[in-house]
Structures are given as C-alpha cells and as structure tokens.
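Colleague: I have a model open and a few questions about the side chains. Can you put it up?

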Amino acid sequence: KLCSRCHGDMGHSIHSRYPQLAGQHESYLIKQLHDFQAGTSGMRPNPLMMTVSRKLTESEVLQLASYFA
C-alpha cells in the first residue's frame with residue numbers, strides 16, 4: 001500500500017515523476033532497493049526512498065521485487 005502512493009496500483013505509475021515498477025526485472029528491483037538502502041542510488045538519489053527502503057527486511061525486498069516483476 002505504501003508503494004502505491006507514488007508508484008500507483010500494482011506498480012502502474014500515473015505520473016512520470018515516479019518510475020513504473022510493474023513489469024520490471026526482479027533483479028533490477030532488488031538492486032535498486034539495495035542501492036537505496038545503502039544510500040548509493042547513483043543518478044537518482046531519493047531521500048524518501050532511502051528512508052522507506054531502510055525499513056524493509058531482506059525478505060520484504062525479495063517479496064516486493066517478485067510482486068512487481
């Protein structure tokens with residue numbers, strides 16, 4: 001539910017500001033969440049995603065990536 005606030009229902013973003021999560025490769029989503037957790041999101045630093053992702057357990061990261069993929 002938290003993800004849908006920005007990324008839309010089932011990962012279908014309705015605003016270009018927020019990336020589309022639906023249909024992304026699972027490995028890509030895992031890497032992005034790990035990068036946000038580590039604060040190394042490269043070209044897309046996002047303080048909100050860094051804060052949110054750091055609250056996720058590894059199991060939740062894997063579940064989210066699987067769901068959106």
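Modeller: Leaving aside neighbours within four places in sequence, L64 is in contact with C3 and L56, where contact means heavy atoms within 4.5 Å. This is a predicted model: local features need pLDDT of at least 70, side-chain atom pairs count only at pLDDT 80 or more, and totals for chains, interfaces and linings use all residues. Residues are numbered from 1 along each chain as its sequence is written, and side-chain values use heavy atoms, with hydrogens and water left out.

Colleague: Which helix does L64 lie in?

Modeller: L64 is in helix α4; helices are DSSP runs of H or I, at least four residues, and are numbered from the N terminus.

Colleague: And is L64 buried or exposed, or partly exposed?

Modeller: Partly exposed, since the relative accessible area of L64 is 24%. Buried means under 20%, exposed over 50%, partly exposed in between, with a 1.4 Å probe and protein chains only.

Colleague: Different topic. Which residues make up the largest nonpolar core?

Modeller: Ten residues: L21, L29, I30, L33, F36, M49, M50, V61, A65 and F68. A nonpolar core is a set of buried Ala, Val, Leu, Ile, Met, Phe, Trp, Tyr and Cys residues joined through side-chain atoms within 4.5 Å.

Colleague: Which elements give two or more residues to this core?

Modeller: α2 (26-38), α3 (47-54) and α4 (58-68). The most come from α2, with four residues.

Colleague: What does M49 touch?

Modeller: H7, L33 and F36, not counting residues up to four places away in sequence.

Colleague: What about D35, buried or exposed?

Modeller: D35 is in helix α2 and counts as buried because its relative accessible area is 15%. Beyond its neighbours within four places in sequence, D35 is in contact with T40 and S41.
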